[in-house]
Amino acid sequence: MTGATDIHVHVQKWEEMRPAVRDFLRGAGEGALERAIAFAGDPGLLLAEMDRCGIRRVGLVNDVSPEVTGFTEATNRFAADYAARDSSRLLPIGGVHARRLRDPAGAVRDLAAMGMVAIKIHPPHHGYPANAYTEGLDALAAVYRTAEDLGLPVMIHTGTSVIPGARCKYGRPMELDDVAVDFPDLPILMAHGGRPLWTEEAFFVLRRHRNVRLDLSGIPPRRIPEWFPRLPELGERVLWGSDWPGPGATDLGAALDAFRGLPFPEEWKRGVTDTHSSALFPEREGGE
């Protein structure tokens, strides 16, 4: 089956969302949040939308941060059950909050057994940097070490977050330099490329570490050539993601089309949208 992979969308347990966050996302306009809530109740609706947009697979990204978003670990089970509708097209990514874990290694193994294709760390929502284990957060080191042992990719938010309550200072990409050095066999997916403040820093980390990849989610496509003019130098380590239904990504198909229209080599862009993700997230059998 041909089509794009959007590795960064949000279809979560929306009833857990804090009202302030819900109001903020609703303010993004165009009914994106309402559609996401409707899709969460029926995977068939999301699959139909994916068909409309020419999207073959999506990564269902979960952020466990009850203090900021309201989402608890229950959203991971929701994502696993949701993705079971078609595991070849719906790829669940489980949220991990190291300060909430009594058995971090066991928690990562449980998520892998649940069918998660990756785990997500969100420093601005968790209130600590991606390398907080260097300052005593041993549970975070155990998360990385276990994921490394399992070959389970870790997606890490970089850049700002405009969600109410987020602490943006923890989003610097340079913190991933420590993680890549200390866990050299850990597949790391840098989400958002440090947008908008630290894109040069992000590019340095990406060029230095072969085990770090970039997803383009949350970056307005029109800004990508400005912020990452040498992006094709990263080759196959760039993956498409929209961050739907976040602000600026209120339509899955429009975001994808905007990227496809950028002045980068056509063959490379097709790789970003259609094939690069398969190295990190191999094709899976599934279906209804």
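**Strand β2**

I take buried as under 20% relative accessible area, exposed as over 50%, and partly exposed as in between, with a 1.4 Å probe and protein chains only. Helices (H or I, at least four residues) and strands (E, at least two) are DSSP runs numbered from the N terminus.

I note that the model is predicted, that local features need pLDDT of at least 70 and side-chain atom pairs count only at pLDDT 80 or more, while totals for chains, interfaces and linings use all residues. Residues are numbered from 1 along each chain as its sequence is written, and side-chain values use heavy atoms, with hydrogens and water left out.

I then looked up the partners of β2. Strand β1 (residues 4-9) pairs with β2 in the parallel sense over four bridges, and Ala 4 stands opposite Ile 55. Strand β3 (residues 90-95) also runs parallel to β2, joined by four bridges; here Leu 60 stands opposite Pro 92. Two strands count as paired if DSSP finds at least two bridges between them.

I recorded helix α3 (residues 43-53) as lying across β2 and β3, at about 135 degrees to β2. Contact means heavy atoms within 4.5 Å. Axes are lines fitted to C-alpha atoms, for helices over the stretch in contact, and angles run from 0 to 180 degrees between N-to-C directions.

**The sheet**

I traced an open sheet of eight strands in the order β1-β2-β3-β4-β5-β6-β7-β8, with parallel pairing. Its edge strands are β1 and β8 (238-239), each pairing on one side only. Further along, I found three bridges between β4 (residues 118-121) and β5 (residues 154-157), in the parallel sense, with Ile 121 opposite Ile 156.

I looked up the largest pocket and noted a volume of about 620 Å³. Of its 39 lining residues, Ile 163, Arg 195, Asp 243, Gly 246 and Pro 247 are the closest to the centre. Helix α1 (residues 19-26) gives the most to this lining, with three residues. By class the lining holds 19 nonpolar, 16 polar and four charged residues.

The second largest pocket holds about 180 Å³ of space. Helix α5 (104-114) supplies at least two residues of its lining, as does α4 (74-83), and the largest share, four residues, comes from α5. Among the lining residues I noted Arg 77, His 97 and Asp 110.

For both entries, a pocket is an open set of points on a 1 Å grid over the protein atoms alone, where a 1.4 Å probe fits, with protein on both sides within 12 Å along at least five of seven lines; lining residues have an atom within 4 Å of a point. Grid points are joined across faces, edges and corners, and a volume is the space filled by probe spheres set on the points. Ala, Val, Leu, Ile, Met, Phe, Trp, Tyr, Cys and Pro count as nonpolar, Asp, Glu, Lys and Arg as charged, and the others, Gly among them, as polar.

**Backbone exceptions**

Most residues other than glycine have a negative phi, and most peptide bonds are trans.

In the loop between β6 (188-191) and α9 (199-208) I located Pro 196, joined to Arg 195 by a cis peptide bond with omega about -15 degrees. His 192 lies in the loop between β6 and α9, has a positive phi near 80 degrees, and counts as buried at 2% relative accessibility.

In the loop between β8 and α11 (252-260) I located Pro 245, joined to Trp 244 by a cis peptide bond with omega about 5 degrees. Asp 243 has its place in the loop between β8 and α11, with a positive phi near 75 degrees; at 14% relative accessibility, Asp 243 counts as buried.
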